[in-house]
Amino acid sequence: MTVDRLIRIFAGSFILISLALGVEGSPLFVSHWALAFTAFVGANLLQFGFTNFCPLGLILRKLGVHDDTGGGSSCCR
């Protein structure tokens, strides 16, 4: 698993979890404030698209996860 794929997995999972916790119709509803985390993840993905800087990518690389060595998209290089 590469850093790029893990970033997408983490972001998607965090968004789905925070939506489940923040939408009133959900059986897992806790508070509307859980939606603030969805906004944070979205803002982080937006700035990553413009700057190619991702804090999660840096953390994953320090933990030893390999970057994509193929011709795919570049993450945190």
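Start by selecting aspartate 67: this residue is partly exposed, at a relative accessible area of 21% (buried means under 20%, exposed over 50%, partly exposed in between, with a 1.4 Å probe and protein chains only). Its salt-bridge partner is arginine 61, and the closest N and O atoms of the pair are 3.2 Å apart. A salt bridge here is a side-chain nitrogen of Lys or Arg within 4 Å of a carboxyl oxygen of Asp or Glu. Click on arginine 61 too, and you have a partly exposed residue at 36% relative accessibility.

Before moving on, keep in mind that this is a predicted model, where local features need pLDDT of at least 70 and side-chain atom pairs count only at pLDDT 80 or more, while totals for chains, interfaces and linings use all residues. Residues are numbered from 1 along each chain as its sequence is written, and side-chain values use heavy atoms, with hydrogens and water left out.

**Next stop: the other salt bridge**

How many salt bridges does a search of the whole structure find? Two. For the other pair, select arginine 8 and aspartate 4, whose side chains meet at 3.5 Å, N to O. Both sit in helix α1, four residues apart, or about one turn of the helix. (Helices are DSSP runs of H or I, at least four residues, numbered from the N terminus.) Are these two partners buried or exposed? Arginine 8 is exposed, with a relative accessible area of 55%, whereas aspartate 4 counts as buried at 10%.

**Now the whole of α1**

Color the buried ones: Val3, Asp4, Leu6, Ile7, Ala11, Ser18 and Gly22. They fall on the same side of α1, because they cover an arc of only 160° around the axis; the arc is that of the directions from the helix axis to the C-beta atoms.

**Into the core**

Show side chains for Val3, Leu6, Ile7, Phe48, Cys54 and Leu60, the six residues of the largest nonpolar core. In soluble globular proteins, nonpolar side chains tend to be buried together.

**Back out to the surface**

Now pick Phe10, Phe14, Ile17, Phe37 and Phe40, which make a nonpolar surface patch of about 470 Å². (Patch residues have over 30% relative accessible area and no salt bridge; nonpolar side chains are joined within 5 Å, and like charges within 9 Å. Areas come from the Shrake-Rupley method with a 1.4 Å probe.) Helices α1 and α2 each supply at least two residues, with α1 giving the most, three. Phenylalanine 10, in α1, is partly exposed at 31%. Phenylalanine 40, in α2, is exposed at 53%. Draw a distance from the C-alpha of phenylalanine 40 to that of isoleucine 15: they are 25 residues apart along the chain and separated by 9.4 Å.

**Last stop: a loop**

Finish at asparagine 52, in the loop between α2 (35-51) and α3 (55-62). Its phi is near 60°, a positive value in a residue other than glycine. Asparagine 52 counts as partly exposed, at 31% relative accessibility.

How values were computed: Core = buried A, V, L, I, M, F, W, Y, C linked by side-chain atoms within 4.5 Å.
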